[in-house]
Amino acid sequence: MIKGNFIDNLPKVYGIYTGGFLAFIIIMSIAEQMGMTAKTIGICFVAFTVAIYAIIGYLSRTAQADAYYVAGRQVPTVFNGMATAADWMSGASFVAMAGGIYFKGYGYMALLVGWTGGYVLVASLLAPYLRKFGCYTVPDFIGTRYGGNLSRFMAVVVLTVASFTYVTAQINATGTIASVALDIPFQYAVYVGLISILLCSMLGGMRGVTWTQVAQYIVLIIAYLLPVFWISNKMGAGFFPHFMLADEVARIGELEQQYGFVKNAAADLKTVPKGLAGITKAHSAVNATPWAFISLALAMMMGTASLPHVMMRYFTTPSVKAARKSVGWSLFFIFLLYSSAPMLATLSKLSLIDPSLPTGIIGKSIAEVQAIDWYQNWNQANLMFVSDFNGNGTLELNEFFMGGKAVVLATPEIAGLPYVISGLVAAGGMAAAMSTADGLILAIANAISHDVYYKIIDPKAETAKRLVVARVLLVVIGFAGATIAALEIQGILGSVIWAFDFAMSGLFFPLVLGVWWKRANKEGAVAGMFLGLVSGAAYLVWVRSGGSGFLGITQLTFGIFGSAVSLVAMVVVSLMTQAPSAATQKMVDNVRVPAGKSVI
Amino acid sequence: MSKQEQHWEKTRGLLFMTLAIWFVFSIGIFLFGAEMNEVGGPFGYPLTYWFTCQGSLGIFVILIFWFANRQEKIDEEFGFSERGDD
């Protein structure tokens, strides 16, 4: 039924899959009614979805380089859009984004603008041209356009630094979810997560990752939207929250006025468990300077256009035209989740702080709050905390603390939704983290196997040997990432943002100018990648070790400095050295025309 | 001017227009975030808040599809579009 003409049958296949998943949710909710425990439901959700991805990964196995590296270049526009959206939306987007908005408001929402606006740059500056180029990897483009092993190697270095920073956070997230859902210690759960990730990508490479990512997108978007709509309806806030929460947003503003943001004494704050935060910033008011907002958004936009695991998804479309449209579909599918995150943050906050709602806890007596079931559960999970700092026996706004993850994880329970939703959310978070980890590990392994091993070390290697090397690297990189993740060094979101800054520092201008500036040459590109990456990293180290920074560039936006250095270095060095050869210039001309054969 | 140069000229023009619109909704309006937030926006949300939640994001989606269609027209005009549909 599926084999043979798989591509033509895609809508049918994924239609059946979606129906099957919805049926599974219904079966689980019936099972809950019949007395299945919350823990069993969680295990069923995670195990069932991961098993499905593994089956898809197995069915997509391949022995052809074209299928392994670029899914045979036959992924239709809309499906590539879904796969890119899953590739893009990480465990952090899924679990932590609504929490960030909840706690930091406007200043944090620069990330929403940045992580979507970047796609305009992808569509207009890069994706169609790189697709026409016909490369397998991003360093493949750099190496062929500029020539020479050094430029190729530098691109692999930047790609690895940026993607590896990112991938440890994703493996960490799969580990966290697996450890909660399956009730095993984190150190082991990380490896359970890793094996699930490798099951999707090892046999089929990009082909396997593509079809599992589509499946993962469907799970994660249902898992995110269903609770938001359900909670909104249950609270009577409106049946379509995105258009109907203006009153709730205004009400939060009123309550903020009424309570005021009382500053806690440092000694009191020391008693709050690590990682939890109180509400200290206005929900919908502008609470950041224009430059703080714009610099963060700009760094994320340029970073988006430089991250290889996103770019390589557009190598899989059948044509240049399809690559452009596919960027639009990607952003549409991303938009569905991103535009819902602020709505979830609003519903979550109002349900907790409005004393006129049955779930509101601010203004209740501390003892009463401590007796609530869900408070006890999430307090035990180290995600909620109350303390009577002023000793008046009543819970004030500044005496309530919560972990960022709790907004997504706890709100359904607070609103009184059945446990089946919690299981669904766990499966969604797992899908989001797995799909991004797969894309990243594959990007690194492909760059090393194709660009370093095949193009530099052993250009005569046979396909079979190349694919063995690619798979071995995939496993090695995965284990390296998992080992570092198990050490739990950096919080999920910090390292995700750094990845964008590293990528833009080293790759943004070498990629963009490679298409848009014929005069850019090898020496310039190498200087741009090297100095960009080094200066960006140096700035990060400087600010982290107590440096004051300049121009308001923080450790989250160091890529602005790195990429500026990269641009200047690239232009100056290019102009000081010889113009690229006639053959290279002709190659650039060829890239700019959509029709005809690919360049490589 | 050769056909290819003309094609590139038009492509570059479209790029600049696309980037100008992108600039307005990703950077330009947030220079006036505080002032704009005093104004009521669509569906009753404060205007800047609405742009960060939905407005800018939605405009980017539309902008990319608009860009893709315009570029296809340019490619067709010069006979550079690819054969077959997708």
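**Exercise 1. How many residues of chain A are in contact with how many residues of chain B?**

Before we start, a word on the model: it is predicted, so local features need pLDDT of at least 70 and side-chain atom pairs count only at pLDDT 80 or more, while totals for chains, interfaces and linings use all residues. Residues are numbered from 1 along each chain as its sequence is written, and chains are lettered from A in the order in which they are written.

*Step 1.* Two residues are in contact if their C-beta atoms, placed from the backbone, lie within 7 Å. With that rule, 45 residues of chain A touch 39 residues of chain B.

*Step 2.* Look at which part of chain A contributes. Helix 16 of chain A gives the largest share of the side that touches chain B, 11 residues. Helices here are DSSP runs (H or I, at least four residues), numbered from the N terminus.

*Step 3.* Sort this side of chain A by class: 31 residues are nonpolar, 9 polar and 5 charged. Ala, Val, Leu, Ile, Met, Phe, Trp, Tyr, Cys and Pro count as nonpolar, Asp, Glu, Lys and Arg as charged, and the others, Gly among them, as polar.

**Exercise 2. Describe how helix 5 and helix 20 of chain A pack.**

*Step 1.* Find helix 5 at residues 91–104 and helix 20 at residues 406–414 of chain A. Their axes are 7 Å apart, at an angle of about 90°. Axes are lines fitted to C-alpha atoms, for helices over the stretch in contact, and angles run from 0 to 180 degrees between N-to-C directions.

*Step 2.* The two helices of chain A are therefore roughly perpendicular to each other (65 to 115 degrees).

*Step 3.* Name the partners: from helix 5 of chain A come A:Phe94, A:Val95, A:Ala98, A:Gly99 and A:Tyr102, and they meet A:Ala406, A:Val407 and A:Val408 in helix 20 of chain A. This contact has 7 nonpolar, 1 polar and no charged residues.

*Step 4.* Follow A:Phe94 further. Leaving aside neighbours within four places in sequence, A:Leu220 is in contact with A:Phe94, and also with A:Ala86, A:Met89, A:Gly428, A:Ala431 and A:Ala432.

**Exercise 3. Decide whether chain B is a compact globule or more spread out.**

*Step 1.* Chain B has 3 helices and 0 strands.

*Step 2.* The radius of gyration of chain B, taken over C-alpha atoms, is 18 Å, well over the 12 Å that the globule rule gives for 86 residues, so chain B is more spread out than a compact globule. The rule is 2.2 Å times the number of residues to the power 0.38.

*Step 3.* Compare the box: the C-alpha atoms of chain B fill roughly 50 × 30 × 10 Å along the principal axes.

Technical notes
Parallel < 35°, antiparallel > 145°, perpendicular 65-115°, else oblique.
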